Amino acid sequence: MNNFYKNKIKHYFNKAYKTYDDYCVVQNDASQRTLELLMRHTDHFEKIADFACGTGESTLKLIRQISHKKCYAIDFSDKLLHIASSKLPNTVSCILSDFDTPLFPNSSLGLISCNMGLQWSLNLGETLSLFNRYLTRNGYFAFSMPVTGNFPEMKAEFKSLLLPPEHIIDILNNSGFRLIANYSYKNVQLFESYYHALKSLQKIGANFSPKVNNKGLKRVNVREIFVEDCMVPKLTYHIGIYLCQKRFS
Ligand SMILES: C[S@@+](CC[C@H](N)C(=O)[O-])C[C@H]1O[C@@H](n2cnc3c(N)ncnc32)[C@H](O)[C@@H]1O
(Lines give C-alpha, C1' and ligand atoms only; values in the text may rest on other atoms or scores of the structure.)
Protein backbone atom coordinates (compact mmCIF):
# COMPACT_ATOMS: atom_id res chain seq x y z
CA MET A 1 0.00 0.00 0.00
CA ASN A 2 2.86 2.37 0.89
CA ASN A 3 4.34 1.87 -2.57
CA PHE A 4 0.99 2.62 -4.15
CA TYR A 5 0.73 5.98 -2.35
CA LYS A 6 4.37 6.85 -2.90
CA ASN A 7 4.09 6.15 -6.61
CA LYS A 8 1.05 8.42 -6.78
CA ILE A 9 2.85 11.23 -4.94
CA LYS A 10 5.87 10.82 -7.22
CA HIS A 11 3.68 10.72 -10.34
CA TYR A 12 2.00 14.06 -9.60
CA PHE A 13 5.27 15.78 -8.67
CA ASN A 14 6.89 14.52 -11.85
CA LYS A 15 3.94 15.82 -13.87
CA ALA A 16 4.58 19.30 -12.45
CA TYR A 17 8.24 19.47 -13.45
CA LYS A 18 7.72 22.18 -16.07
CA THR A 19 5.60 24.47 -13.90
CA TYR A 20 6.90 23.95 -10.35
CA ASP A 21 9.44 26.80 -10.41
CA ASP A 22 6.87 29.36 -11.58
CA TYR A 23 4.36 28.48 -8.85
CA CYS A 24 6.45 27.69 -5.75
CA VAL A 25 6.17 31.09 -4.03
CA VAL A 26 4.84 29.65 -0.76
CA GLN A 27 7.57 26.99 -0.71
CA ASN A 28 10.27 29.62 -1.39
CA ASP A 29 9.00 31.79 1.43
CA ALA A 30 8.95 28.82 3.85
CA SER A 31 12.47 27.89 2.83
CA GLN A 32 13.80 31.40 3.50
CA ARG A 33 12.04 31.55 6.88
CA THR A 34 13.56 28.19 7.89
CA LEU A 35 17.06 29.34 6.94
CA GLU A 36 16.64 32.60 8.84
CA LEU A 37 15.68 30.67 11.96
CA LEU A 38 18.70 28.38 11.51
CA MET A 39 21.11 31.28 10.92
CA ARG A 40 20.17 32.83 14.26
CA HIS A 41 21.94 29.82 15.79
CA THR A 42 24.65 28.73 13.37
CA ASP A 43 25.62 28.84 9.70
CA HIS A 44 28.78 26.70 9.49
CA PHE A 45 28.78 23.01 8.61
CA GLU A 46 30.87 20.36 6.88
CA LYS A 47 28.32 18.07 5.23
CA ILE A 48 24.74 19.15 4.65
CA ALA A 49 21.76 17.51 2.94
CA ASP A 50 18.51 18.87 1.53
CA PHE A 51 15.91 16.08 1.52
CA ALA A 52 12.87 16.36 -0.81
CA CYS A 53 14.84 19.01 -2.72
CA GLY A 54 12.42 19.03 -5.69
CA THR A 55 13.74 21.25 -8.48
CA GLY A 56 16.54 22.47 -6.22
CA GLU A 57 15.06 25.85 -5.24
CA SER A 58 15.43 25.11 -1.52
CA THR A 59 18.94 23.70 -2.10
CA LEU A 60 20.03 26.86 -3.93
CA LYS A 61 18.96 29.02 -0.98
CA LEU A 62 20.69 26.64 1.41
CA ILE A 63 24.06 26.58 -0.35
CA ARG A 64 24.07 30.36 -0.90
CA GLN A 65 23.44 31.18 2.75
CA ILE A 66 25.01 28.34 4.73
CA SER A 67 28.76 27.77 4.78
CA HIS A 68 29.51 24.10 4.00
CA LYS A 69 32.07 21.80 2.39
CA LYS A 70 29.75 19.29 0.76
CA CYS A 71 26.04 19.30 -0.03
CA TYR A 72 23.66 16.51 -1.06
CA ALA A 73 20.26 17.12 -2.68
CA ILE A 74 17.86 14.18 -2.48
CA ASP A 75 14.44 13.60 -4.08
CA PHE A 76 12.52 10.60 -5.41
CA SER A 77 10.91 12.44 -8.38
CA ASP A 78 13.37 11.95 -11.22
CA LYS A 79 12.04 14.79 -13.39
CA LEU A 80 12.28 17.36 -10.60
CA LEU A 81 15.72 16.11 -9.58
CA HIS A 82 16.87 16.41 -13.20
CA ILE A 83 15.99 20.11 -13.10
CA ALA A 84 17.76 20.44 -9.75
CA SER A 85 20.95 18.90 -11.13
CA SER A 86 20.88 21.30 -14.12
CA LYS A 87 20.78 24.37 -11.89
CA LEU A 88 22.93 23.32 -8.92
CA PRO A 89 26.75 23.58 -9.01
CA ASN A 90 28.94 20.45 -9.29
CA THR A 91 29.76 20.67 -5.60
CA VAL A 92 26.21 19.45 -4.90
CA SER A 93 25.56 15.73 -5.41
CA CYS A 94 22.00 15.10 -6.56
CA ILE A 95 20.71 11.71 -5.42
CA LEU A 96 17.54 10.02 -6.66
CA SER A 97 16.17 8.36 -3.56
CA ASP A 98 13.19 8.01 -1.27
CA PHE A 99 13.79 9.81 2.01
CA ASP A 100 12.80 6.60 3.79
CA THR A 101 15.57 4.57 2.16
CA PRO A 102 18.81 4.43 4.22
CA LEU A 103 21.37 6.51 2.33
CA PHE A 104 24.09 7.98 4.56
CA PRO A 105 26.33 6.44 7.23
CA ASN A 106 25.39 7.12 10.83
CA SER A 107 26.70 10.42 12.28
CA SER A 108 27.83 11.76 8.89
CA LEU A 109 25.79 14.95 8.33
CA GLY A 110 26.05 18.23 10.26
CA LEU A 111 22.77 19.64 8.93
CA ILE A 112 19.64 18.14 7.40
CA SER A 113 17.08 20.44 5.84
CA CYS A 114 13.71 19.50 4.37
CA ASN A 115 11.50 22.22 2.97
CA MET A 116 7.81 21.43 2.55
CA GLY A 117 8.48 17.74 2.00
CA LEU A 118 7.69 15.88 5.22
CA GLN A 119 3.91 16.16 4.86
CA TRP A 120 4.39 13.42 2.27
CA SER A 121 5.97 11.04 4.75
CA LEU A 122 3.69 8.06 5.40
CA ASN A 123 5.23 7.55 8.85
CA LEU A 124 6.82 10.74 10.15
CA GLY A 125 8.34 9.02 13.21
CA GLU A 126 10.20 6.51 11.03
CA THR A 127 11.40 9.16 8.58
CA LEU A 128 12.66 11.39 11.41
CA SER A 129 14.38 8.52 13.23
CA LEU A 130 16.33 7.76 10.05
CA PHE A 131 17.30 11.44 9.65
CA ASN A 132 18.40 11.45 13.30
CA ARG A 133 20.80 8.56 12.69
CA TYR A 134 22.53 10.48 9.88
CA LEU A 135 23.30 13.49 12.08
CA THR A 136 26.59 14.06 13.86
CA ARG A 137 26.55 14.69 17.61
CA ASN A 138 24.49 17.88 18.09
CA GLY A 139 23.79 18.01 14.34
CA TYR A 140 20.97 20.33 13.23
CA PHE A 141 17.67 19.55 11.55
CA ALA A 142 15.68 22.44 10.02
CA PHE A 143 12.39 21.95 8.23
CA SER A 144 9.04 23.36 7.25
CA MET A 145 5.76 21.61 6.56
CA PRO A 146 2.06 22.44 6.37
CA VAL A 147 0.22 21.77 9.62
CA THR A 148 -3.38 21.38 10.83
CA GLY A 149 -5.51 24.30 9.71
CA ASN A 150 -3.99 24.38 6.24
CA PHE A 151 -6.52 25.37 3.55
CA PRO A 152 -9.54 26.10 5.80
CA GLU A 153 -11.30 27.09 2.57
CA MET A 154 -11.48 23.46 1.45
CA LYS A 155 -13.77 20.70 2.68
CA ALA A 156 -12.02 18.04 4.75
CA GLU A 157 -12.63 15.23 2.26
CA PHE A 158 -10.66 17.06 -0.41
CA LYS A 159 -7.46 17.60 1.55
CA SER A 160 -4.90 15.38 3.21
CA LEU A 161 -4.75 15.00 6.98
CA LEU A 162 -2.00 17.14 8.48
CA LEU A 163 -0.55 17.02 11.97
CA PRO A 164 -1.00 19.69 14.67
CA PRO A 165 2.30 21.41 15.68
CA GLU A 166 2.18 19.84 19.20
CA HIS A 167 2.00 16.38 17.65
CA ILE A 168 4.98 17.11 15.40
CA ILE A 169 6.94 18.19 18.49
CA ASP A 170 6.03 14.90 20.24
CA ILE A 171 7.26 12.95 17.21
CA LEU A 172 10.50 14.96 17.18
CA ASN A 173 11.06 14.15 20.87
CA ASN A 174 10.38 10.47 20.28
CA SER A 175 12.75 10.42 17.30
CA GLY A 176 15.76 11.67 19.30
CA PHE A 177 15.56 15.43 18.65
CA ARG A 178 15.67 18.42 20.98
CA LEU A 179 13.49 21.26 19.75
CA ILE A 180 15.33 24.59 19.65
CA ALA A 181 12.61 26.80 18.17
CA ASN A 182 9.41 26.60 16.18
CA TYR A 183 6.53 28.74 15.02
CA SER A 184 3.53 28.52 12.70
CA TYR A 185 2.28 31.18 10.34
CA LYS A 186 -0.35 31.76 7.68
CA ASN A 187 0.34 32.62 4.07
CA VAL A 188 -2.77 33.69 2.14
CA GLN A 189 -2.71 33.31 -1.64
CA LEU A 190 -5.38 35.09 -3.69
CA PHE A 191 -6.65 33.79 -7.03
CA GLU A 192 -8.75 34.89 -9.98
CA SER A 193 -11.12 31.95 -9.44
CA TYR A 194 -11.49 28.73 -7.45
CA TYR A 195 -10.38 26.87 -10.53
CA HIS A 196 -7.12 28.85 -10.57
CA ALA A 197 -6.65 28.10 -6.87
CA LEU A 198 -6.83 24.36 -7.54
CA LYS A 199 -4.68 24.72 -10.63
CA SER A 200 -1.96 26.35 -8.50
CA LEU A 201 -1.75 23.12 -6.49
CA GLN A 202 -1.59 20.99 -9.60
CA LYS A 203 1.24 23.17 -10.99
CA ILE A 204 3.41 22.35 -7.96
CA GLY A 205 2.41 18.68 -7.92
CA ALA A 206 0.47 18.84 -4.66
CA ASN A 207 -2.58 17.02 -6.00
CA PHE A 208 -3.59 15.56 -2.72
CA SER A 209 -7.26 14.79 -3.26
CA PRO A 210 -8.02 11.33 -4.63
CA LYS A 211 -11.42 12.64 -5.79
CA VAL A 212 -9.89 15.47 -7.75
CA ASN A 213 -7.16 13.20 -9.03
CA ASN A 214 -9.51 10.54 -10.25
CA LYS A 215 -11.89 12.82 -12.10
CA GLY A 216 -9.37 15.39 -13.23
CA LEU A 217 -9.91 19.05 -12.48
CA LYS A 218 -11.95 19.69 -15.62
CA ARG A 219 -14.64 17.21 -14.67
CA VAL A 220 -15.01 18.21 -11.05
CA ASN A 221 -17.30 21.00 -9.86
CA VAL A 222 -14.59 23.06 -8.19
CA ARG A 223 -17.19 24.96 -6.13
CA GLU A 224 -18.06 21.68 -4.36
CA ILE A 225 -14.53 21.46 -3.00
CA PHE A 226 -14.65 24.79 -1.16
CA VAL A 227 -16.36 25.40 2.16
CA GLU A 228 -17.98 28.71 1.44
CA ASP A 229 -18.53 31.10 -1.36
CA CYS A 230 -15.82 33.72 -0.74
CA MET A 231 -15.93 36.88 -2.81
CA VAL A 232 -12.21 36.50 -3.35
CA PRO A 233 -11.05 32.92 -4.00
CA LYS A 234 -8.07 32.19 -1.79
CA LEU A 235 -5.99 29.45 -0.20
CA THR A 236 -4.66 29.96 3.32
CA TYR A 237 -1.52 27.94 3.89
CA HIS A 238 -0.77 27.15 7.52
CA ILE A 239 2.90 26.27 7.82
CA GLY A 240 5.13 25.18 10.69
CA ILE A 241 8.86 25.99 10.85
CA TYR A 242 11.05 23.84 13.08
CA LEU A 243 14.66 23.94 14.19
CA CYS A 244 16.04 21.04 16.25
CA GLN A 245 19.25 19.36 17.24
CA LYS A 246 20.12 15.73 17.67
CA ARG A 247 19.71 14.93 21.35
CA PHE A 248 22.74 13.39 22.96
CA SER A 249 22.05 11.53 26.16
C1 LIG B 1 6.59 20.79 -2.25
S2 LIG B 1 7.99 19.96 -2.93
C3 LIG B 1 9.31 20.82 -2.12
C4 LIG B 1 10.55 20.88 -2.98
C5 LIG B 1 11.66 21.78 -2.47
N6 LIG B 1 12.14 21.37 -1.17
C7 LIG B 1 11.24 23.22 -2.46
O8 LIG B 1 11.27 23.84 -1.39
O9 LIG B 1 10.89 23.75 -3.53
C10 LIG B 1 7.95 18.39 -2.13
C11 LIG B 1 8.99 17.42 -2.66
O12 LIG B 1 8.96 16.25 -1.83
C13 LIG B 1 9.36 15.17 -2.64
N14 LIG B 1 9.01 13.93 -1.94
C15 LIG B 1 7.80 13.54 -1.48
N16 LIG B 1 7.89 12.35 -0.88
C17 LIG B 1 9.19 11.96 -0.97
C18 LIG B 1 9.91 10.80 -0.53
N19 LIG B 1 9.30 9.79 0.10
N20 LIG B 1 11.24 10.75 -0.76
C21 LIG B 1 11.87 11.76 -1.41
N22 LIG B 1 11.24 12.88 -1.87
C23 LIG B 1 9.91 12.98 -1.64
C24 LIG B 1 8.60 15.40 -3.94
O25 LIG B 1 9.12 14.68 -5.01
C26 LIG B 1 8.75 16.92 -4.09
O27 LIG B 1 9.87 17.23 -4.86
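Reply: Phe4 has a relative accessibility of 47% and therefore counts as partly exposed (buried is under 20% relative accessible area, exposed over 50%, partly exposed in between, with a 1.4 Å probe and protein chains only). Tyr5, at 41%, is also partly exposed. The model is predicted, so local features need pLDDT of at least 70 and side-chain atom pairs pLDDT 80 or more, while totals for chains, interfaces and linings use all residues. Residues are numbered from 1 along each chain as its sequence is written, and side-chain values use heavy atoms, without hydrogens or water.

The structure holds 16 aromatic pairs (rings of Phe, Tyr and Trp, the last by its six-membered ring, with centres within 6.5 Å; planes under 30 degrees apart are stacked, over 60 edge-to-face, the rest tilted). Phe4 and Tyr5 are edge-to-face because their planes stand at 70 degrees, with the ring centres 5.5 Å apart.

Phe131 and Phe141 are edge-to-face as well, at 5.7 Å centre to centre and 85 degrees between the planes. This pair links distant parts of the chain, with Phe131 in helix α6 (residues 124-134) and Phe141 in strand β5 (residues 135-146), 10 residues apart; helices (H or I, at least four residues) and strands (E, at least two) are DSSP runs numbered from the N terminus. Phe131 is buried at 0% relative accessible area, and Phe141 is buried at 0%.

Phe131 and Phe141 belong to one aromatic cluster, whose members also include Tyr72, Phe99 and Tyr242. Lys70 lies over the face of Tyr72, 5.4 Å from the ring centre (NZ of Lys or CZ of Arg within 6 Å of the ring centre and within 35 degrees of the ring normal). The charged end of Arg137 sits over the ring of Phe248, 4.0 Å from its centre.
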